Amino acid sequence: MDLGLDGNAALVTASSSGLGLASATALAREGADVAICSRDVDRLEDARERLEGMASGRVVARQTDVTDPDQVAALVDETVAEFGGLDHLVTSAGGPPSTTFLETTERQWYETYDLLVMSVVWTIENAHPHLLGSEAGTIVCIASRTVREAADGLVLSNAVRRGVTGLVQTISREFAPEIRANAVLPGTIETPRIEELIEARVDRGVYDDYEDGLAAMASDVPMDRIGDPGELGEAVAYLSSERASYVNGVEFPIDGGLMRG
Ligand SMILES: NC(=O)c1ccc[n+]([C@@H]2O[C@H](COP(=O)([O-])OP(=O)(O)OC[C@H]3O[C@@H](n4cnc5c(N)ncnc54)[C@H](OP(=O)(O)O)[C@@H]3O)[C@@H](O)[C@H]2O)c1
C-alpha cells in the first residue's frame, strides 16, 4: 500500500534508538524527508547513517535535548529550513526511571514531567504553524499502554504520561480539520529501554536474569512474543499518512493484545 508520504517532511524526536528510530525508518522508507534528534552525538550519527542507507529522501540529524525548550525550537527551525516546511511530527522521549511510589523523589516527578509532557508541549508549540501550512499536517505522540493500565514499578510512567494522551485528545479537537493528532500506546517492544527495565527488575529480584524477564514479559502477551520496533514504526507511518485521513484523536495500542480493555 502506497502511503503517499513521498516527498513529505517529517520530524521525529528522541529518535537515535528504539521507537523513535523505528518511526523515522518507516517514514523514510516511504520516501519522506526525515529529521531526527537525540542527546548523544555518536549514537545520533550512527542512526543518521543507517537512515541515509535506506532513505530516498533527505535526512537531517541535530543534537537536541528535548527537555530544553530553546533546543527544541532550534530543532524545529532547522528542520523547516532544510526541508522547506513540515508535514508530520512524531514525538517520542526517553523513559522515566523505574521506581515505586515511595522511592520516587520530588525531583524525579518534575524531571519526568519535563521529559514526557513538556517536551511534547514545546515541540508541538513550535511545529504548529508549520503543520498548519501543510496540506497533510499530522501529529503522532508515542505514549505507552501505561496510560490505560498501571505497570508495576513504573509509577512515573503510569501517572505522568496521561498528560500526553490528554493533550492529544484536546488538540485532535482544537487543531482539526487542518491537523490530525493521534497517540500510539506501545505494550512491550524490544528496545534498549526494555533491556534497561528488565535489568532493573533483575536487580530488584523480580526476574532471575534477562532471559527470564523477556520470557515473563512475552508470556502475558496473546501473540506470545514481545513486539519488534518496526511494527510500531509501520503504525506511526500509517497514522501520519493520507490513508488514515479520517483517523483523529485515537489512542492506538500496539501491544500484541496485551491490554484487555
Ligand atoms: N519499548 C517499549 O516497549 C516501550 C513501551 C511503552 C513506552 N515506551 C516509551 O517510549 C519512549 C521511547 O522508548 P524506546 O523504547 O524507544 O527507548 P530507547 O530505545 O531507550 O530510545 C530512547 C531514545 O530517546 C533519546 N532520548 C532520551 N532522552 C532524550 C532527551 N532528553 N532528549 C532527546 N532525546 C532523548 C535517546 O537518545 P539519547 O539518550 O542519546 O538522548 C534514544 O534515541 C520512552 O518514553 C519509553 O518509556 C517504550
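Visitor: Which residues does leucine 131 touch, not counting residues up to four places away in sequence?
Guide: Leucine 131 touches Leu86, Asp87, His88, Leu89, Gly137, Thr138, Ile139 and Ile179. Contact here means heavy atoms within 4.5 Å. Please note that this is a predicted model, in which local features need pLDDT of at least 70 and side-chain atom pairs count only at pLDDT 80 or more, while totals for chains, interfaces and linings use all residues. Residues are numbered from 1 along each chain as its sequence is written, and side-chain values use heavy atoms, with hydrogens and water left out.

Visitor: How many residues are in the largest nonpolar core?
Guide: That core has 31 residues, and Leu131 is among those with the most contacts inside it, as are Leu11, Leu89, Ile124, Ile139 and Cys141. A nonpolar core is a set of buried Ala, Val, Leu, Ile, Met, Phe, Trp, Tyr and Cys residues joined through side-chain atoms within 4.5 Å. Buried means under 20% relative accessible area, exposed over 50%, and partly exposed in between, with a 1.4 Å probe and protein chains only.

Visitor: Which element gives the largest share of this core?
Guide: Helix α4 does, with 8 residues. Helices (H or I, at least four residues) and strands (E, at least two) are DSSP runs, numbered from the N terminus. There is also a second, separate core of 29 residues, including Leu19 and Ala235.

Visitor: Why would such residues gather?
Guide: In soluble globular proteins, nonpolar side chains tend to be buried together.

Visitor: Changing topic, how many disulfides are there?
Guide: The count comes to 0 disulfides, a disulfide being a pair of cysteine sulfur atoms within 2.5 Å.

Visitor: Is cysteine 37 buried or exposed?
Guide: Cysteine 37 counts as buried because its relative accessibility is 0%. Cysteine 141 is also buried, with a relative accessible area of 0%.

Visitor: And where does asparagine 158 lie?
Guide: Asparagine 158 lies in helix α5, residues 155-160. Its relative accessible area is 11%, so asparagine 158 is buried.

Visitor: What does asparagine 158 touch, not counting residues up to four places away in sequence?
Guide: Asparagine 158 touches Thr146, Glu149, Ala150 and Ala151.
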